[in-house]
Amino acid sequence: MKPLDVRSVGTSPQRLDGPEKVTGTARYAWEHPLSAPLYAHPLQAAVARGRVVVMDTGQAEALDGVLAVLTPYNAPRLADTDDPELAVLQSEEVAFRGQFIGAVVAETPEIARHAAGLVDVAYEQQPHDTELRADRPDLYRPEVVNPTYETDTEDGDVEAALAAAPVSVDVTYSTPMEHNNPMEPHTCVAVWEASEDDGAGPQLTLYDSTQGAHRVRETLAPLFELAPESVRVISPHVGGGFGSKGMPHAHNVLAVLAAKVSGGRPVKLALTRQQMFSLAGYRTPTVQRLRLGADTGGRLTALSHDVVEQTARFKEFAEQTGVASRMMYAAGNRGTSHRLAALDVPVPSWMRAPGEAPGMFAAEAAMDELALACGIDPIELRVRNEPETDPETGRPWSGRHLVRCLRTGAERFGWDRRAEPGTRREGDWLIGLGVASSTYPAYAFPGSVAEVERRTNGDGGPDGYAVRIGAADIGTGTWTVLTQIAADALNCPFEEVHLEIGDTGLPMGTVAGGSSGVSSWGSTVVAASRAFREEHGDDPVPGARTRAEMPSDPELRNYSAHSFGAQFAEVRVHADTGEVRVPRMLGVFSTGRIINPRTARSQFIGGMVMGMSMALFEESVLDHGTGHVVNHDFAQYHIPTCADVLDVDAVWLDEPDPHANPMGSKGIGEIGIVGAPAAVVNAVHNATGIRVRDLPVTPDKLLRS
């Protein structure tokens with residue numbers, strides 16, 4: 001694809017949506033003005049497995065202000081129940097604790113919540129199993145791992161190479177269940193209304209907090225026997241997602257079911273923070289065995305990465321935890337595998353850098369252990385195992401500058417001050433430095449369509465260009481960066497572009513997931529802008545309009561396209577209490593051209609902080625006796641506060657990738673978290689000499705050691 005001539009791209013205009021957000025005028029899903037809305041409050045299963053046998057709704061229905069109580073016995077029937085997560089209230093069966101078993105629809109949220117507490121439910125309980133262990137006899141091999149990767153791979157003779165290796169490590173790491181917890185809870189407002197065309201059937205409008213409005217429409221329309229064009233999803237502003245809003249969940253269906261019995265009034269449903277721990281996905285816990293073999297010079301001869309993780313018994317989701325190990329370092333003999341335990345739990349789903357975040361934690365911690373076993377500096381070990389081409393496919397890299405990231409970061413971070421493990425101390429604090437590599441695929445998904453139109457102002461004169469695409473801004477800066485891309489593609493000032501996103505009334509936009517958004521949407525906007533100029537010239541008449549799809553790029557198939565980075569962390573561990581502090585973090589990234597340095601730095605740093613949180617704080621604690629996540633709120637599910645985040649810096653090698661897309665850019669939303677947990681954990685080992693292999697690194701684990 002022809003590269004984009006850049007003028008606006010690479011600059012840092014302020015976020016176009018910033019003024020609305022800081023003044024409170026940006027409308028999120030709950031906040032769109034609607035006439036006489038009703039409110040739905042879910043009823044959730046209080047057992048981990050079984051079936052509902054009695055639901056006494058009399059007291060709830062008698063409460064003033066209650067319009068309906070939905071149960072599996074009276075809920076409208078769905079036309080399609082193939083997806084069991086979305087088959088809401090279609091049977092009495094309970095697959096996990098917290099599952100929807102009903103809902104109250106009322107005049108106010110308070111009445112709905114009070115009435116929900118008045119419903120008396122009796123269950124027929126069945127034995128349940130929620131415990132993930134690597135030695136379970138019922139582990140199975142999924143057909144593929146997310147999204148379509150091979151489950152297992154093997155190149156060479158891994159076992160023989162491990163047996164012959166002069167230096168080897170054989171270590172097991174674990175990561176816990178973690179929850180996404182975006183600031184804006186999962187919210188859906190549903191409106192059924194009569195069609196303007198007689199006989200055309202009902203029309204459904206959803207105001208939804210989603211990472212992909214078109215995906216919501218495509219998923220929900222068949223459930224209610226609607227044509228896609230009969231469903232409109234509106235989502236201009238989204239208060240974070242981290243993957244959890246990448247696909248519809250059960251609450252979307254419940255909101256629509258409630259709206260079907262509301263007499264035409266809008267129905268608002270917002271999950272509480274506690275409800276989100278059961279209903280909006282989570283990162284699967286993992287048990288990962290890493291076996292590395294190397295010669296005495298630290299060059300890898302064998303790499304084996306075996307993963308055990310969980311899925312829901314009623315619906316499979318297999319995370320691609322070991323996939324990054326297939327391409328990260330040069331090793332003649334490599335093997336990876338994934339095995340699942342099907343449990344009585346909610347279904348896992350996407351969480352920022354699914355697969356890569358937990359998988360690279362284990363792999364990069366194992367590389368640190370190998371460096372120690374070889375007596376080689378951890379950076380030097382990684383440099384010695386830099387592959388010339390992709391070890392998995394044999395393709396040349398579209399752009400891989402990992403070694404430069406490592407070298408640049410080492411110089412900026414003061415890596416030469418790193419001491420032997422457990423030897424550097426200031427008063428009561430032990431001090432250590434850690435490093436880890438990062439990688440993330442350069443995804444771009446086909447299917448998006450963009451429209452460009454010459455706009456006029458109220459007096460009929462030219463007023464710039466409307467650029468329309470059903471993309472999503474989940475807080476990442478999409479409004480701004482797509483405007484920059486369009487301005488350069490149209491060869492016009494930034495101020496003349498008026499971007500419209502977040503609505504299925506606009507041309508198709510793929511989901512904001514896999515760090516693919518700007519690569520996919522930006523390529524589409526460039527294609528539409530160029531087609532507009534070819535069709536209408538440099539002086540188009542008002543109303544001139546052109547649409548174009550995201551173009552294919554067959555050349556990219558000849559390359560292996562990934563982003564890379566190097567993560568550095570300094571930690572201080574209190575010798576008496578085991579408290580861990582992270583005074584400094586640095587990330588150096590190679591992600592192609594940076595479109596907007598202001599928003600990019602925010603994304604990198606946000607990912608790094610989330611990685612530090614993964615290393616030290618985050619853990620959803622599942623009570624196996626009840627199947628219940630007990631720390632299901634911000635009081636008990638720990639994440640960093642401002643006091644925990646001190647000097648965090650992100651820099652990058654601004655080297656456009658000529659093979660990735662016309663912008664020369666690659667995704668940045670997720671690579672910031674990848675490698676950051678390992679850098680912190682490796683720094684803890686350097687500070688204390690204690691290797692913690694089970695996240696998070698809490699003081700008790702250090703004190704026990």
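This is a predicted model: local features need pLDDT of at least 70, side-chain atom pairs count only at pLDDT 80 or more; totals for chains, interfaces and linings use all residues.
1. Five strands form an open sheet in the order β9-β17-β16-β15-β10, and their pairing is mixed. The edges are held by β9 (153–155) and β10 (167–175); each has a single partner strand, so one side of each lacks a neighbour in the sheet. From one strand to the next, the twist averages 10°.

2. In general, the strands of a sheet pair through backbone hydrogen bonds, in either a parallel or an antiparallel manner. Here, β10 pairs with β15 (residues 286–294) in the antiparallel sense, over 9 bridges. Within this pairing, aspartate 170 stands opposite arginine 291 of β15.

3. On the α8 side the contact is made by Met360, Phe361, Glu364, Ala365, Asp368 and Leu372, and on the α14 side by Pro677, Ala678, Val681, Asn682 and His685. Sorted by class, the residues of this contact are 7 nonpolar, 2 polar and 2 charged.

4. Threonine 336. This residue belongs to strand β17 (residues 333–343). Is threonine 336 buried or exposed? Its relative accessible area is 5%, and buried means under 20%, so threonine 336 is buried. Its side chain makes a polar contact of 2.7 Å with the side chain of threonine 153 and another, of 2.8 Å, with the side chain of arginine 326. Leaving aside residues up to four places away in sequence, the residues that threonine 336 touches include Asp152, His305, Gly322 and Ser325.

5. Histidine 338. Strand β17 also contains histidine 338. Its relative accessibility is 0%, so histidine 338 counts as buried. Which backbone atom does the side chain of histidine 338 reach at 2.8 Å? The atom is the backbone oxygen of threonine 151. Histidine 338 and glutamate 319 are separated by 19 residues in sequence, and their C-alpha atoms are 8.4 Å apart in space.

Note on methods:
Residues are numbered from 1 along each chain as its sequence is written. Side-chain values use heavy atoms; hydrogens and water are left out. Two strands pair if DSSP finds at least two bridges between them. Helices (H or I, at least four residues) and strands (E, at least two) are DSSP runs, numbered from the N terminus. Axes are lines fitted to C-alpha atoms, for helices over the stretch in contact, and angles run from 0 to 180 degrees between N-to-C directions. Buried means under 20% relative accessible area, exposed over 50%, partly exposed in between (1.4 Å probe, protein chains only). A polar contact is a pair of N or O atoms within 3.5 Å; within protein, one must be able to donate a hydrogen and the other to accept it, and residues adjacent in sequence count only if both atoms are side-chain atoms. Contact means heavy atoms within 4.5 Å. Ala, Val, Leu, Ile, Met, Phe, Trp, Tyr, Cys and Pro count as nonpolar, Asp, Glu, Lys and Arg as charged, and the others, Gly among them, as polar.
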